[in-house]
Each structure stands twice: as structure tokens, then as C-alpha cells.
Amino acid sequence: MTLWRIARAGLTAVVVLATVLGCAPEPTASTDTVIRSGLGISGGHSWLQLSAEELDRQMGLVAATGATWVRIDIDWSVIEPVRGKQDWSATDRAVRAARAHDLSVLAILTYAPAWAGPHGGVGGSKAAPQPVLFGRFVGDAVEHYKNQIAHWEIWNEPNVTAFFAPRPDVATYAHLLRQAAQAVRARQPHGQILVGGLAPAADNGQDISPTSFVEDLYELGADADFDAIAVHPYSYPELPDSQSWYNAFGNLMRIRRIMDSHHDTTMQLWPTEFGAPTGTGARAVSEDVQARIIDQGLGLVTAIHDVGPVFVYSLVDAGPDSNDLEQNFGMLRRDYTEKPAVTVLRTHAEVLRAGR
């Protein structure tokens, strides 16, 4: 069902990952093992707002890190704000720039114009759309990009209210997934369909934990409609091996076990966002700690079998406010000078290229 396989890592990597689950001593981060499916950078929506010149510059910087993938929003609310009037220019610029630098694209088919939702615009573009209408858009997107993109992530963080209004619902998402899968497979039989990257969350009556979300998808029989599962294993401000209750890195192994228990032992698990914000905001970290989080996280995922490309979020700080976490996830500062995390990514990419 997938294009890549990653060999099971050795005993050392298993011991490292076990620390996340509380059954091994603290490890030392290492680049001795390899993310064989590739490294990527998740830029998401921000890339849709840049000029062709700035996109070329940023994609060149991505390629210079040694990353070979980018994750880009194909945002329906931007493309078709008025029903029947589609404008692909913003996404075209981003995809064209990525491909010009030989970067593979993971497309996030996501968000919705107000006219496509059943709730009268409540929840904005993050509101769950009518599934049949969403399927039509997915079909349009695949037809438009089928010669440039073959990997389609269905929505972003559908397990949390902030990204799936008015509140997450696995059955509703499964219906979206079914419509999307039918659209992809009718137009691009080799296309790969990913469950939208699942955010760190608890079962709290509003949000749904990633593990519960995946279990419910299997219960509904939705596994017929996806080829991989995407997860966002954020741990900040702690390192990925910490025992803090809010460290979501352990969700990778938990979901891997769920997949294996349902006999999807070769289906890939894609970490499509992880990283840490620098700056002065609550839960922000120093630039050195950001680098350690990325280094250790990339090492830990090598202990999990059949992992897809791993995406770091993000490339460049989004704004000047050091107190706003969302503006400070970049591995580059606003002036494009490098934080230490860039060296970490470059080192992992060199190990990957060396085939070690």
C-alpha cells in the first residue's frame, strides 16, 4: 500500500524510544540511525502568501538543508471562496517553486469556504465541510496537480476543535476521507492518501486524542480509505524523551501499535509536523533546546518500523513578536540567519545521503 519501507532499527534505537514510554534509562541523542524515507519541512499555509521570488528563495533554502520534501496547504477556502470560481495561482506558485528545487510535495487538502459547510459559516474555514462537496474539491485538486503531487493528506489536525469545528467527530471525518479516497483513486490510482496529521490532545469532551481517533477510524472500517496515518508528535518545551504528561511524542509508538494490531504492519506512519518555538512566550524554548528537540526527535523515530518522511515545522519565523509561539517555530530567524536547528537538520540529511 506504500511506496517506501524503513528497516527496523537496531537495539540502541529501540532503547531510546522506550525512554519515551518510561521503560529505559535516558538516552543521548544521536544521528547514527537514519530516517530512510526522507526529511521534510512543513510550511503549510504561510507559503501561499509569498511571491514567486520569495518562494524560490525559501525552497532553495529548504533544499540547502538537505531536506527533500515540503508540506504545503492546498487550501480550498483560498482556491474557491466563491462557489464555481477557482483560483489556483497561490498554490501553483508554491508547488512550482518546490518542484523547481526537486522537492517532493506532500499536499494538505484542507479547510473550506463558508458556502461548503453545513453550519452557516460557524467555525470559519476550519469548519467541517459537506463531504460530497469536499470530495469534488479533492477531485479538482488531484486533476490539477496529478503530474506534480502523489501524496495527499486529508485535512489538518481533524481531532481538535481548533481545526475541525464545531467539534471533532470521527464519523464525519471518515465520511470526508471516503469521499477524498474515491476522488484520488479515480484520478490517480497510484496516489497515496494520508489521515490528516493528528494533533496532541486528550479525550476531554471537545478534542479527541490521536489514539482514540485512530482506534475509532478502524472501528468504522475507514482503513480501506487511507494508505498512511499522519501524526504531529510535539513535545515542547520538553525533549521528546521526557515523561511529561503533555509530551505527545509517545503517540507515534502508540499509534504504530494500533496499526500493527489491525494487521497494517507495513502501512507507513508519517510525522508531518514537529519542532519547537523559540522566543519569550510561555512554553517557548531557547534556540539550543529547539535544536536538541529536533535532533532527539529525529533519532527517536528511527526505532519505529515503517516510518514515512519526517517533517520539521517550520522554515522561517512567521513574525516579529517573540511572545507569540506561532511566530517563532522557524529554524531560520526573520532575517534568514540560521538557528542551531538548521545544523541539526543538515547533519541528519548528510547521514541519510550517506546511506548509513
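The legends below describe close-up views of a predicted model. Residues are numbered from 1 along each chain as its sequence is written, and side-chain values use heavy atoms, with hydrogens and water left out. Local features need pLDDT of at least 70 and side-chain atom pairs count only at pLDDT 80 or more, while totals for chains, interfaces and linings use all residues.

**View 1. Arginine 71 and glutamate 153 in a salt bridge.** The structure holds nine salt bridges, a salt bridge being a side-chain nitrogen of Lys or Arg within 4 Å of a carboxyl oxygen of Asp or Glu. In this one, the N to O distance is 2.8 Å. Arginine 71 belongs to strand E2 (residues 69–75) and glutamate 153 to strand E4 (residues 151–154), so the pair ties together parts that are 82 residues apart in sequence. Helices (H or I, at least four residues) and strands (E, at least two) are DSSP runs, numbered from the N terminus. Arginine 71 and glutamate 153 are both buried. Buried means under 20% relative accessible area, exposed means over 50%, and partly exposed lies in between (1.4 Å probe, protein chains only).

**View 2. Aspartate 227 and arginine 185 in a salt bridge.** The closest N and O atoms of the pair are 3.3 Å apart. Aspartate 227 sits in the loop between H7 and strand E6 (228–231), and arginine 185 sits in helix H6 (residues 170–187); the pair links distant parts of the chain, 42 residues apart. Aspartate 227 is buried, at 6% relative accessibility. Arginine 185 is partly exposed, with a relative accessible area of 31%.

**View 3. Glutamate 287 and arginine 333 in a salt bridge.** Here the closest N and O atoms are 2.8 Å apart. The distant parts of the chain that this pair links are helix H9 (residues 287–300), which holds glutamate 287, and the loop between strand E8 (310–312) and helix H10 (340–354), which holds arginine 333; they are 46 residues apart. Both count as partly exposed: glutamate 287 has a relative accessible area of 25%, and arginine 333 has 27% relative accessibility.

**View 4. A surface patch of negative charge.** The patch gathers Asp203, Glu215, Asp216 and Glu219. Patches are made of residues with over 30% relative accessible area and no salt bridge; like charges are joined within 9 Å, and nonpolar side chains (Val, Leu, Ile, Met, Phe, Trp, Tyr) within 5 Å. Asp and Glu count as negative, Lys and Arg as positive, and His and the chain ends are not counted. Glutamate 215 is in helix H7 (residues 210–219). Glutamate 215 has a relative accessible area of 32%, which makes this residue partly exposed.

**View 5. Serine 37 and the backbone of valine 307.** Serine 37 is in the loop between helix H1 (11–20) and strand E1 (39–44). This serine is buried, with a relative accessible area of 6%. A polar atom of the serine 37 side chain lies 3.0 Å from the backbone oxygen of valine 307.

**View 6. Helix H8 and histidine 263.** Among the buried residues of helix H8 (residues 251–261) are Asn251, Leu252, Ile255 and Arg256. Just after H8, histidine 263 has a positive phi of about 70°.

**View 7. Histidine 45 and valine 78.** Histidine 45 is in the loop between E1 and helix H2 (52–65). Histidine 45 is partly exposed, with a relative accessible area of 29%. From C-alpha to C-alpha, histidine 45 and valine 78 are 9.9 Å apart in space, and they are 33 residues apart in sequence.

Technical notes
Areas by Shrake-Rupley, 256 points an atom, 1.4 Å probe, with all protein chains shown as cover. Charge placed at Lys NZ, Arg CZ, Asp CG, Glu CD. Polar contact = N/O pair within 3.5 Å; in protein donor to acceptor, adjacent residues only side chain to side chain.
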